Amino acid sequence: MNLIPFLIVIPLAAAFFIPLVGKRIKISGDIISIAATISLSGISIFLASLIATQKVLMFEVGKWAAPMGISMVVDGFSVFMLVIVNSIAFLVALYSTGYIKKYTDTWKFYTLFMLMVGGMNGVLIAGDLFNMYVALEIAAIAGYALVAFGIDAEGLEASFKYAVMGAVGSSFMLMGIALLYSYTSTLNMADMANVIANKGASKIILFVSALFIMGFGLKAALVPFHAWLPDAHSSAPTPISAMLSGVLIKVLGIYALSRIFFNIFGMTPKISMILIGLAVISMVVAGILAFGQYDIKRLLAYSSISQIGYIALGLGIATPLSIMGALFHLFNHSISKSLLFLNAGAIESSMGTRDLRKMTGVLARSPVIGYTNLIGAMSISGIPPLGGFWSKIIIIFACIQADRPVLAFIAIAVSILTLGYYFKAVTPVLFGSKGTHLDNKSKPITVTMAVPMVILAILSVVSVLLLLPNTGRSFLDGAIAVLVKGAIR
Amino acid sequence: MDTVKDSKGMTLIVKTVTRITIGFILLYGIYISLNGDSAPGGGFAGGVIIALSLVHVMLAFGKEVALKRLHSYAMRFSISIASLVFLYVVMIRWHGSYSHIVIPLAEMVIVGAGLFAIFVALVLLSKSDKDSE
Amino acid sequence: MITVYILCLVLFSVGLYCILRKRNLIKIIIGIGIMEYAVNLFFILSGYRTEGRSPIFASDQAIKNMVDPLPQAIVSTLIVIGLSLTLLIISIAIRIYEKYGTFDITRINKLKG
């Protein structure tokens, strides 16, 4: 029994089944989406244990052989992302059961949510470029609809902006795919890599690279293309902000970008230079912009752009150590940024406001929210025992090892900047007196909202286990091995 | 059907012609979707024709009559059931060939009901817009 | 043949110009549509063979000199994606009109920073 197709079948079946019963039985959306996401995480963890011995798993749809037929491929990198996506989707679905009660028609939310998870799984297991594009569009369109789910003025405006920019990015991507198809006469990624390796690089590859950097860079929100992200992330319902920032920009942007540049084209010094340039601009500009924000979700959104810059920097340097740093930072950032966004939602519903200047004494009011928030912020800003510190220091060491001390200096400076704006944001909110003027709006958070936050906080403390042998190293190494094959030699 | 004499919708001529042709249009849609493998056509084209026939009824008789024929819950129900059937057929057949009569029919239902649902949704959205003014 | 490709690029640029320069939401949506159709046209053109015939398989016809059927299958999928995207954006635009009372993009500015 091959388990790979179930990664798409389960979310799609859940998405189509929820409208049937969702309106009559209120709780069915919660139950179906939690059951679907927990089985998806089970399947992806099982696949991860298979990948440790077998390296590549493949499923050929309808028994058509690989270059002609559609194939679904799972290797170390896909399974690394699959585990992250599906576990975070499970925790977010658990959190949504408490949070989403303030909206009507919750079944629509869960349908779109499951479609988004299905689309992301589709991107991760697609073996050819066009299926990857289709799955990417499913996830993106579900994302546009979910950003506008609250039907408030800000959400609609952000969703329109996101949809227009996303459509432009997708058109560029598709133009690149069309050019690549006419150059290589195939769409299968492995086959395409062979054809390009045999034909040799030409000018068209450079042009296609530019189109892909534009398209996927827009989905990943690297700085010249980042304008949609702060609006969309701050106006979306909180569980969706956590999904968008935690996994969607990484799957649609970083995963697809590195799949194409490492495994199809092979990394060249020019592409590496462009990626490093975009990464440095993202890190610095978004870090400075984050300082001026007083809306807690907007600050977190700008911080996301800055941290995506770190990941892109690690991928751009393209030595084994820097790729390891980038992937480990991706893991840490997914966990801690989802945690912080879920936390922001909990703070919003318990304090009644999102303005950092108006809230105080979160730790005294609710220790669960306070301590998890502290752990998340410490992990992202790089305080030593937590995961974020190790991933940043690996990236900095990789810069020095690759003989680029300027980049190492910038990375250190931006990490101090990160520490600065989290210090500014977190300290007055968490500590300080309890405050009484907000009490009439505040209501305690439910258990289903607290449990995901506690699990994510524990994960961000123990994520350093991925670096130690015998505990999780083979999981990380499998992902690194896939990317190192295409790195600069 | 006394809706022909009703003042809503278009003129008597349009309503009469619609009543006569609607069955043939539906039949043509089903024919197109069943003959996709040997002649130009298929589930998608057939579904579009069926959706257009429903839109035709809606333009001629007004929104109430069309929604009485295909209720919004029925639309959602048929889309979901057809998608699940589609998924099921593909799932049990994914080791072998796909020549199965259910696939074009399910696609026809999805496309037909889906396009009509989108049309209805946009009409209702712009209606609520006028009411609020 | 090269003229058609250039016209395709021109169409793409018209769509991009429409998105970047127009201030009306509906015109921006039309721009997205134009851009999508330009890409679809480009995809179809990439499968064209000179003097090729339509790729329908029948027992009495030899399989030679057909146009490439794969881009055609792909483009039919792309049209559906484009349709769903366009409809989603249109319904968002209608809702925006309800909230803001205008289609002018310079006056829809509640989000800043």
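**Notes on chain A and its two partners**

1. Let's start with the polar side of the A–C interface: four residue pairs, both residues at pLDDT 80 or more, are in polar contact between chain A and chain C. Keep in mind as you look around that this is a predicted model.

2. Next, which parts of chain A face chain C? Helices α5 (129-147), α6 (153-184), α9 (228-235) and α12 (296-317) of chain A each give two or more residues to that side. The largest share comes from α6(A), with 20 residues.

3. What kinds of residues does chain A bring to chain C? Sorted by class, the side of chain A that touches chain C has 24 nonpolar, five polar and five charged residues. In terms of who touches whom, 34 residues of chain A are in contact with 36 residues of chain C.

4. Now for the area. Chain A and chain C bury about 3100 Å² between them, and carbon and sulfur atoms give 81% of that. Within chain A, the residues that lose the most area to chain C are A:Glu157, A:Phe160 and A:Tyr181, which together make up 21% of what that side buries.

5. Is A:Ser171 buried or exposed? A:Ser171 counts as buried because its relative accessibility is 6%, and the cut-off for buried is under 20%. Leaving out residues up to four places away in sequence, A:Ser171 touches C:Phe12, C:Met35 and C:Val39.

6. Over to chain B. On the chain A side, A:Val9, A:Phe16 and A:Leu20 supply 36% of the area buried against chain B, more than any other three residues.

7. Polar pairing between chain A and chain B comes to two residue pairs in polar contact, both at pLDDT 80 or more. Salt bridges between chain A and chain B number zero.

8. Where on chain A does chain B sit?

9. Finally, a look at chain B by itself. Its secondary structure is five helices and zero strands, so reading from the N terminus you get α-α-α-α-α. Chain B has 133 residues, and 35% of them count as buried. Chain B exposes about 7600 Å², and 71% of that is supplied by carbon and sulfur atoms. As for contacts inside chain B with a separation of 6 or more, 67% are between residues 24 or more positions apart.

Notes. Residues numbered from 1 in each chain as written. Chains lettered and ligands numbered in written order. Predicted model: local features only at pLDDT ≥ 70, side-chain atom pairs only at ≥ 80, totals over all residues. Heavy atoms only, no water. Buried area = accessible area lost by both parts, 1.4 Å probe. Salt bridge = Lys/Arg side-chain N within 4 Å of Asp/Glu carboxyl O. Polar contact = N/O pair within 3.5 Å; in protein donor to acceptor, adjacent residues only side chain to side chain. Helix = DSSP H or I, 4+ residues; strand = E, 2+ residues; numbered from the N terminus. Buried < 20%, exposed > 50% of the residue type's maximum accessible area, 1.4 Å probe, protein only. Contact = heavy atoms within 4.5 Å. Areas by Shrake-Rupley, 256 points an atom, 1.4 Å probe, with all protein chains shown as cover. Nonpolar A, V, L, I, M, F, W, Y, C, P; charged D, E, K, R; others polar.
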